[in-house]
Amino acid sequence: MPSRSLSGGMKRRLMIARALIHEPRLLILDEPTAGVDIELRRSMWSFLTELNQKGITIILTTHYLEEAEQLCRNIGIIDHGTIVQNTSMRQLLGTLHVETFLLDLKHDLAQAPQLAGYPCRLITPHTLEVQVDKDVGITALFGQLALQNIEVLSLRNKTNRLEELFVSLVKKTWRRWRYEFGTARQPGCPQYHRLSRSAAVHADLAADPAAPAITMVLYFVIFGNLIGRQIGDMGGFTYMEYIVPGLIMMSVITNSYGNVVSSFFGSKFQRSIEELMVSPVSPHTILIGYTLGGVLRGLAVGVIVTLLSLFFTHLQVHHLGVTVLVVVLTATIFSLLGFINAVFARNFDDISIIPTFVLTPLTYLGGVFYSITLLPPFWQTVSLANPVLHMVNSFRYGILGVSDIRIGVAITFMLVATAVLYIGCVRLLVSGRGMRS
């Protein structure tokens, strides 16, 4: 049975078993209990404790602070690269001056009792919430309750103590954090240590735009200045003016596609997409988020290339509405195509096959560097089957006012393609197909 077909819990068991084959002295586990049921999680806790007691050093990442409190003996908390706490778990929990307990009562109460030194309130007729200062202790509380003939069936903390402390220390809420914990073996006393905390932040939009900018400058110099002088005019414009819209579109296409395919497959590879899929976020929100990132990346690079082109030629926008509509639709289409590629990709090679063997040929044969009127009639007809040709010529019409195709047909095609691809991507998200790398 291939490991890809195993459930999440079985994959985590297999992961631990595979790591223990060579009897390591150091075991690194990345969120082994994420997404598993309670029984399996507690079984893993016992197993990890047993391994640590045998002298194996364990580095464990986890989202569950309850898990950290259960396993760790020593703890250090790092916030934005600064160690804000580095002490034993017992000492850290001792800094919690006030704890809130929930008392389950045997008999219902009509109102909260008066308890000297213990602020309290009635949650339900049979549940009493009491704040206990560590300097006062809890013993006197039960004495006061007994004097008022209030019987307590059970007692529990309202919230996890470590979580309450952590929030008070770092003062950060509503962020997606990863809490990394580890174990370090000490002579005669294996102990657990918390190592660090890091934020999972995607920085695809911040990717360096210098690479595509340099590439486009080379196109301007080689094709526009050097070769363009030998070619002469094309379509009533200088060769440099003619290829600039195509080069802008080339940068938009490659960057919008590459941004989404790399960022989404990166999430699959790191398995963070599984957390996103089980979160209360609609497939539309997920898809729009990734698509918007690709569109913004493509438009940002397109603007940079446009500004660079002004050093080589003069541009005068013929139809602003068509220009903006076409470039946004093109970036959206290729962002959605990049998403589909990432969904079906199984490894990093799969996300480079389409750009290399499909996207690049279609772009170079899409009228970026020439007008299809230069081709024989047969090849002109064949070229019309290339969707990139319609996008490039529509954008060129918006800039220069000339085109080799019918603008209305091209824009209609792009609108339909955007709708079809969007619906297809949403269905892929709903089905969950290809979401595990």
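Leaving aside neighbours within four places in sequence, Asn225 is in contact with Phe220, Met240 and Phe312, where contact means heavy atoms within 4.5 Å. The model is predicted, so local features need pLDDT of at least 70, side-chain atom pairs count only at pLDDT 80 or more, and totals for chains, interfaces and linings use all residues. Residues are numbered from 1 along each chain as its sequence is written, and side-chain values use heavy atoms, with hydrogens and water left out.

Asn225 belongs to helix α7; helices (H or I, at least four residues) and strands (E, at least two) are DSSP runs, numbered from the N terminus. Tyr239 lies 14 residues from Asn225 in sequence and 8.5 Å from it in space, C-alpha to C-alpha. Helix α7 (residues 210-231) also holds Ile227.

| Residue | Class | Relative accessible area |
|---|---|---|
| Asn225 | partly exposed | 26% |
| Ile227 | partly exposed | 35% |

Ile214, Leu218, Val221, Ile222, Leu226, Ile227 and Ile231 form a nonpolar surface patch with about 580 Å² of accessible area together. Such areas come from the Shrake-Rupley method with a 1.4 Å probe, and for residues only the protein chains shown count as cover. Patch residues have over 30% relative accessible area and no salt bridge; like charges are joined within 9 Å and nonpolar side chains (Val, Leu, Ile, Met, Phe, Trp, Tyr) within 5 Å. A salt bridge is a side-chain nitrogen of Lys or Arg within 4 Å of a carboxyl oxygen of Asp or Glu.

The largest nonpolar core has 64 residues, and Leu247, Phe264, Phe334, Phe339 and Phe369 have the most contacts inside it. Helix α8 gives the most to this core, with 16 residues. Beyond neighbours within four places in sequence, the contacts of Phe369 include Tyr219, Phe223, Met234 and Tyr239. A core is a set of buried Ala, Val, Leu, Ile, Met, Phe, Trp, Tyr and Cys residues joined through side-chain atoms within 4.5 Å.

Strands β1 (residues 26-30) and β2 (residues 57-62) pair in the parallel sense over five bridges; pairing requires that DSSP finds at least two bridges. Leu29 has Leu60 of β2 as its bridge partner. Strand β3 (residues 74-79) is largely enclosed by the rest of the structure, because six of its six residues are buried. Strand β4 (residues 82-88) pairs with β3 in the antiparallel sense over six bridges, and Gly76 stands opposite Asn86.

Key. Buried means under 20% relative accessible area, exposed over 50%, partly exposed in between (1.4 Å probe, protein chains only).
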